[in-house]
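Hi everyone, thanks for coming. Please have a look at the structure on the screen, and I'll walk you through a few parts of it.

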Amino acid sequence: MNALAYRWFGLLECSREMLRFTWLEISWRLGLALALLNFGDDDDRGHFTLHIHLIWPNIYLRLPFLPRRAPRDQMMDSWGFTLDTDGWSSFHLNWGSRTKIIHMPWALEFYRKSVLMKDGTWLDDLVPARRDGIKTWQQFRDEVEANGHKETHSYAYVLRNGKVQKRDATLTVEEWEWRRRWLMWTPLFAKIRKEIDVQFSGEVGERSGSWKGGCVGCSYEMKPGETPLDTLRRMEKERTFR
């Protein structure tokens, strides 16, 4: 059947995610789009494709009868609309090389970053909605360096060859908040992430000592009720560094 399909329809790929023929591609993800696309080719002559994605399935139909021309926007021109399926948060209107993005009211937007201080309070970075408190990034950095909460613990990482890398891990605690675009004035329905920021005393991971280098710093999300040390010990068990 695959050989027959290839002979008559030009079957190029068949998987659980998609069917791809010479002139047609079908995938099974959800979404919303309707657009005429002009893709750039290696020979600087574009080809037109009709994109139809009315919830399900997702279809790209090449239109070989339309005259070929290079897109004005380098890789692709588009005429139509697309709803971003990553949270269904933005609506893209396209006309050739021009794009207008309309953000949905429920889309998340960064609101603040806060750092835990020695006295247990939180110091806010520049808050986009208020622009109060610390006025410059350098002032924020200086205040965190002088009065931020820090703790240092041992950290052991086992390489694939069994060798153990022993490092000191210095932790600070950060909290990040994103709010809905139409609800920036209230924390209602906000997304808040609390994490440890980790700085190692030396490189960690399989690439340590190579030209690519190992990891010297990272972050890891804290679970409710965890102390910074609890999160570090969980990361020690769970995380793999290249």
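Let me start with a term: helices (H or I, at least four residues) and strands (E, at least two) are DSSP runs, numbered from the N terminus. What we have here is a predicted model, where local features need pLDDT of at least 70, side-chain atom pairs count only at pLDDT 80 or more, and totals for chains, interfaces and linings use all residues. Residues are numbered from 1 along each chain as its sequence is written, and side-chain values use heavy atoms, with hydrogens and water left out.

How confident is the predictor? pLDDT is its confidence in each residue, from 0 to 100. The protein chain has an average pLDDT of 85, and 87% of the residues score at least 70. Over residues 4-8, though, pLDDT stays under 50. Where pLDDT is low, the predicted coordinates should not be read in detail.

Now to the pockets. On a 1 Å grid over the protein atoms alone, a pocket is an open set of points where a 1.4 Å probe fits, with protein on both sides within 12 Å along at least five of seven lines; lining residues have an atom within 4 Å of a point. A volume is the space filled by probe spheres set on the points, which are joined across faces, edges and corners.

The largest pocket has a volume of about 310 Å³. Which element gives the largest share of its lining? That is α2, with 5 residues. In total 13 residues line this pocket, and Arg 141, Val 144, Glu 145, Thr 172 and Asp 197 lie nearest its centre.

The second largest pocket holds about 250 Å³ of space. Its lining has 17 residues, with Ala 33, His 51, Tyr 60, Met 76 and Thr 82 nearest the centre. Here β4 supplies the largest share, 5 residues.

Is Ile 196 buried or exposed? Ile 196 is buried (under 20% relative accessible area; over 50% would be exposed, and in between partly exposed, using a 1.4 Å probe and protein chains only), and its own value is 0%. Contact means heavy atoms within 4.5 Å. Beyond its neighbours within four places in sequence, Ile 196 is in contact with several residues, including Leu 171, Thr 172, Tyr 220 and Met 222. Met 222 is 26 residues from Ile 196 along the chain, and their C-alpha atoms are separated by 6.8 Å.

Technical notes. pLDDT is the predictor's confidence in each residue, from 0 to 100.
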